[in-house]
Amino acid sequence: LIRTYAHILLMRGAYLLVMKLHEDASVLVGKHGFIHFQKGYYVYVGSALNGLDQRIQRHLRKQKKAHWHIDYFLPFTEIVDIFYTESTRSEECRIAQVFERNFTHIPGFGCSDCGCTSHLFNGPYHEILRVIDSLNMSPYPLRTNP
């Protein structure tokens with residue numbers, strides 16, 4: 001099934017940002033303080049029930065005010081893949097639980113509004129893609145905003 005860009009604009013659902021951190025970094029993450037991240041691949045689980053494309057495009061922008069935990073981490077990373085699934089209800093916690101069973105997590109990251117342990121995980125790239133494939137999520141066309 002081919003999705004048109006107009007369809008993506010109207011979508012609601014959950015998304016995954018797959019990022020590469022090229023070198024170790026200590027990042028000031030809002031009220032969490034400094035968190036040390038080891039170089040490697042990370043996957044962030046998010047949701048957008050009021051416009052999936054708008055949320056993803058915000059993450060892709062270089063210049064923005066830091067609002068969510070992920071906003072503090074993104075400037076240190078390269079987004080290599082984005083995946084999404086459509087839903088009218090929040091799926092991010094269910095998806096985060098799948099990643100938690102398979103990967104190391106960053107405690108308390110991105111989940112201050114739910115009961116999850118984390119919404120940010122790290123592990124080998126091929127294993128991240130294997131889990132994403134098991135979730136039947138669709139690839140999002142990468143377009144970046146300046």
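The structure, a predicted model, holds four salt bridges.

Visitor: What makes Arg58 and Asp71 a salt bridge?

Guide: The closest N and O atoms of Arg58 and Asp71 are 2.9 Å apart, and because the cut-off is 4 Å between such a nitrogen and a carboxyl oxygen, the pair qualifies as a salt bridge. The two residues link distant parts of the chain, Arg58 lying in helix 2 (residues 52-60) and Asp71 in helix 3 (residues 69-73), 13 residues apart.

Visitor: Why is Glu91 called buried?

Guide: Glu91 has a relative accessible area of 11%, and since buried means under 20%, Glu91 is placed in that class.

Visitor: What makes Arg89 count as exposed, and why is Arg94 called partly exposed?

Guide: Exposed requires over 50%, so Arg89, at 58% relative accessibility, counts as exposed, whereas Arg94, with a relative accessible area of 43%, is partly exposed. Salt bridges that share partners join Arg89, Glu91 and Arg94 into one network; in it, the closest N and O atoms are 3.5 Å apart for Glu91 and Arg89, and the N to O value is 2.7 Å for Arg94 and Glu91.

Note on methods:
Residues numbered from 1 in each chain as written. Predicted model: local features only at pLDDT ≥ 70, side-chain atom pairs only at ≥ 80, totals over all residues. Heavy atoms only, no water. Salt bridge = Lys/Arg side-chain N within 4 Å of Asp/Glu carboxyl O. Helix = DSSP H or I, 4+ residues; strand = E, 2+ residues; numbered from the N terminus. Buried < 20%, exposed > 50% of the residue type's maximum accessible area, 1.4 Å probe, protein only.
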